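This report covers a nonpolar core and a set of salt bridges. Keep the model open while reading.

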Amino acid sequence: MQNIVILAGNIGQKPETRTTQGGTKITNFSLATSRPRLSEGRVLRDENGYRVMDTEWHRITCFNGLGKTVAEHCEKGMKLLVHGRIHYTKWTDAAGNDRYGCEIIAEKVDFLSRPKSAESENPELVDRDDEIPF
């Protein structure tokens, strides 16, 4: 049996890090993934001819060294490829109601883009393959 998740998307906000009482560092961020909306097997388009997209938000959690790397080098809008697993939680709130949550525990994160701050500091390091006219 396997529990494997691979997501490619954009960071929704700057990652946040906290430390547990036991010293474990936990970094959280949201990741947006999008896909075209379909109707009767066809891609829906708006009045201007653009595809209508459905976006889903995923809660990503990284631990210790991976979390430190993400916190230091990632910012809102960056593209990431996250490899990990789904983790479900259940708890009881203050009113006694059962609550449920779902998050992705990241085991590997690949950067698919650079932070905007890095692009402005070292423009010669920016990948410009998409600007080649062929």
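## Nonpolar core

A nonpolar core is a set of buried Ala, Val, Leu, Ile, Met, Phe, Trp, Tyr and Cys residues joined through side-chain atoms within 4.5 Å. Buried means under 20% relative accessible area, exposed over 50%, and partly exposed in between (1.4 Å probe, protein chains only). This is a predicted model: local features need pLDDT of at least 70, side-chain atom pairs count only at pLDDT 80 or more, and totals for chains, interfaces and linings use all residues. Numbering runs from 1 along each chain as its sequence is written, and side-chain values use heavy atoms, without hydrogens and water.

The largest nonpolar core has 15 residues; Phe29, Leu31, Ile60, Leu80 and Val82 touch the most other members. Two or more residues each come from strand 1 (5–11), strand 3 (25–36), strand 6 (53–63), strand 7 (79–92) and strand 8 (98–111). Strands here are DSSP runs (E, at least two residues), numbered from the N terminus.

## Salt bridges

The whole structure holds 5 salt bridges, each a side-chain nitrogen of Lys or Arg within 4 Å of a carboxyl oxygen of Asp or Glu. Aspartate 54 pairs with arginine 37, with closest N and O atoms 2.7 Å apart. The partners lie 17 residues apart, aspartate 54 in strand 6 and arginine 37 in the loop between strand 3 and strand 4 (38–39).

Glutamate 107 bridges to arginine 85 at 3.5 Å. This pair joins strand 8 to strand 7, 22 residues apart. Glutamate 107 is exposed at 53%; arginine 85 is partly exposed at 32%.

Technical notes. Helices (H or I, at least four residues) and strands (E, at least two) are DSSP runs, numbered from the N terminus.
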